[in-house]
Amino acid sequence: MTVIPVINLDAAQIWRRVNDKLEHPESQRKMVLVIVCVALLLDNMLYMVIVPIIPDYLRYIGAWNTHTEAGEKVWDNSSAVAGSNASYWRAGKGRVIYEGEESAIGFLFASKAMVQLFINPFSGTIIDKIGYDTPMIIGLTIMFISTAIFSCGQSYSVLFFARSLQGVGSAFADTAGLAMIADRFTEEDARSRAIGIAQAFISFGSLVAPPFGSLLYEFAGKEVPFIVLSMVSLLDGFALLFVMRPVKIAMKEQGIERPKGTPIYKLFIDKYIFVAAGTLVMANVSLAFLEPTISLWMKNTMVDVQEWQIGLIWLPAFIPHVFGVYLTVKLCKKYPRYQWILAATGLALEGLSSIFVPFATNFWFLMLPLSGICFGIAQVDTSLLPMLGHLVDTRYVSVYGSIYAIADISYSLAYAVGPIIAGGIVDTIGFTGLNMIIALTNLAYVPAIFMLKHVYDYDTFEDEEHIVLDEMPTAQYKTFMIDNGNAVSLPSGHTAESGNLEPDLFQSQQKQQMPQGGPSQRDTNPFRQPQSMTQDRAPSGSQPQNQTQQGMARKPPQQGNKAYRSSADMEKMINSSDED
């Protein structure tokens with residue numbers, strides 16, 4: 001075959017190396033993280049890219065009924081004749097009124113979040129039953145279709161349908177993506193770091209989308225930004241299919257069956273999950289209510305504000321958001337039991353920052369409180385999303401579709417309500433009153449977060465199936481004699497110490513308890529067992545004897561991924577079982 005220059009490899013060698021890379025669990029985890037981050041970036045860009053495009057485009061296509069209001073009269077004596085007593089009041093320029101524009105655009109913006117809010121309970125249940133990759137591919141496909149419709153739509157009804165359809169795709173793609181990260185990254189610090197990276201992509205997508213859409217709309221037309229994003233969605237779906245192919249083959253060969261997840265209603269009534277979900281709602285209220293109202297407020301109150309400043313007001317806040325993610329990940333790794341404090345601090349910072357927003361008099365001063373809001377959101381999201389995965393690990397079954405559907409419901413609730421009622425609140429009590437409501441609700445919810453301080457009081461051992469003993473336990477056992485079907489306790493001299501028991505006894509018990517095929521079948525996540533992805537597998541029905549002996553033999557403890565219990569721990573467990 002033809003050798004490709006520079007790399008000096010032919011196509012077959014490149015394909016073989018790519019497959020070898022895909023079969024390595026650590027490489028798979030990294031590629032899955034990249035694919036999920038691109039999907040989350042894409043979804044948030046689609047959410048925000050319409051902000052500078054759709055209002056102007058709907059006016060251009062004549063979607064609204066209009067009428068003209070007469071302008072206010074102004075005094076103009078430029079043409080006055082000396083000595084004349086004529087009145088020189090002149091009517092100002094009339095203003096075109098677009099009937100029903102504000103409410104219709106508000107419903108258009110909120111339709112995605114509203115549909116996503118209703119679809120999420122079903123998408124979480126489906127993800128729990130069939131896995132993470134297939135629902136995510138379904139979500140990316142729906143997002144591709146909805147974005148293509150957006151690029152071609154030329155009426156309000158078509159654009160509204162495309163926006164609502166995007167909510168269906170997001171309900172599958174976002175929930176499956178976060179669940180896939182939690183499933184692949186099982187260690188607490190690795191999971192926090194991975195979710196932190198995903199949060200940075202979410203923030204970047206939300207903040208870069210308005211200028212991205214505005215520039216392409218101005219110089220290339222309405223269709224181009226949506227075509228670009230639809231192609232990214234399609235490529236991301238193909239990449240996920242390619243990466244997950246060896247994983248699904250390995251799970252099929254090993255006969256791994258997916259455990260049954262916990263129903264979403266049971267997770268909702270858990271007090272810790274309920275409080276964490278409420279915190280996510282409150283943390284996103286500030287953005288959901290300020291994004292649709294702050295542009296008009298800047299135009300009305302800031303004399304020297306420029307159009308480019310209004311369009312880029314949220315972009316500088318990306319830097320403190322990323323810094324907040326980075327700092328929270330570091331603090332969560334160092335103080336894992338105090339993540340609730342980080343969430344409470346972030347929500348309080350949001351409330352305090354909202355107080356100063358209406359008192360900003362120029363673009364540069366306004367950047368400060370908005371940066372504080374984004375920094376607080378980063379703290380809340382980055383500390384609570386891994387906590388939700390930990391709650392499922394320790395209190396329920398480690399299946400993450402429903403728990404991250406709850407997180408997505410929390411986001412959707414804030415963004416479904418915000419664009420609809422924020423404008424009415426501003427018309428009633430003003431922009432300052434809106435910010436005071438945001439501040440008071442955020443600060444009032446902070447004490448509820450104190451309920452989360454007991455979440456990390458209980459930690460499970462990692463890989464409990466690999467627990468090994470450094471020595472045989474020395475607890476004493478009572479012996480019994482069966483007399484006519486009744487158990488009669490023997491005198492104290494007939495007690496036996498477990499340290500004198502033969503190891504064959506334990507091995508025989510292990511043989512009876514171990515499922516056929518070895519210990520690898522106990523775990524449904526192949527990423528937790530790197531050796532199962534690369535080892536040579538024997539054909540079914542012909543398992544080598546040395547493999548069976550290796551599975552039965554005791555393994556020495558390995559640092560990092562093996563749990564370890566000493567004989568003292570085992571003695572406590574034995575004594576407690578005797579008391580029962």
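Reader: Is Q166 buried or exposed?

Author: Start with the idea. A residue counts as buried when its relative accessible area is under 20%. In this predicted model, Q166 has 3% relative accessibility, so Q166 counts as buried.

Reader: Where does Q166 lie, and which residues does Q166 touch?

Author: Q166 lies in helix α6. Leave out residues up to four places away in sequence. Then Q166 touches D43, L46, Y47, K112 and S146.

Reader: α6 has come up. At what angle do α5 and α6 pack?

Author: For a helix pair, look at the angle and the distance between axes. Helix α5 covers residues 133-152, and helix α6 covers residues 156-184. They pack at about 155°, with axes 7 Å apart. That angle makes α5 roughly antiparallel to α6, because angles over 145 degrees count that way. The crossing of α5 past α6 is left-handed.

Reader: How many nonpolar, polar and charged residues does the contact of α5 with α6 have?

Author: The contact of α5 with α6 has 18 nonpolar residues, six polar and two charged.

Reader: Now take α14 and α16. At what angle do they pack?

Author: Helix α14 spans residues 339-356, and helix α16 spans residues 401-445. Their angle is about 160°, and their axes are 8 Å apart. α14 is therefore roughly antiparallel to α16. α14 passes α16 in a left-handed crossing.

Reader: Which residues make the contact of α14 with α16?

Author: From α14 come L347, A348, E350, G351, L352, S354 and I355. From α16 come N435, M436, I438, A439, N442, L443 and Y445. By class, the contact holds nine nonpolar residues, four polar and one charged.

Reader: Which residues is M298 in contact with?

Author: Set aside neighbours within four places in sequence. M298 is in contact with V305, Q309, I310, I313, F363 and L366.

Reader: Now D236. Where is D236 placed, and is D236 buried or exposed?

Author: D236 is in helix α8, residues 223-253. Its relative accessible area is 6%, so D236 is buried.

Reader: Which residues is D236 in contact with?

Author: Beyond neighbours within four places in sequence, D236 is in contact with I35, V38, A39 and L140. Take V38 as an example. D236 and V38 are 198 residues apart along the chain, but their C-alpha atoms are separated by 7.2 Å.

Reader: What share of contacts in the chain joins residues at least 24 apart?

Author: Count contacts between residues at least 6 apart in sequence. Of these, 82% join residues at least 24 apart.

Reader: One more residue. In which helix is N284, and which residues does N284 touch?

Author: N284 is in helix α10, residues 271-290. N284 counts as buried because its relative accessibility is 4%. Without residues up to four places away in sequence, N284 touches D381, Y411, A414 and Y415.

Reader: How many helices and strands are in the chain, and what share of residues counts as buried?

Author: The chain has 20 helices and 12 strands. Of its 580 residues, 46% count as buried.

Key
Residues numbered from 1 in each chain as written. Predicted model: local features only at pLDDT ≥ 70, side-chain atom pairs only at ≥ 80, totals over all residues. Heavy atoms only, no water. Axes fitted to C-alpha atoms, helices over the stretch in contact; angles between N-to-C directions. Helix = DSSP H or I, 4+ residues; strand = E, 2+ residues; numbered from the N terminus. Parallel < 35°, antiparallel > 145°, perpendicular 65-115°, else oblique. Left-handed = near helix turned anticlockwise from the far one by under 90°. Contact = heavy atoms within 4.5 Å. Nonpolar A, V, L, I, M, F, W, Y, C, P; charged D, E, K, R; others polar. Buried < 20%, exposed > 50% of the residue type's maximum accessible area, 1.4 Å probe, protein only.
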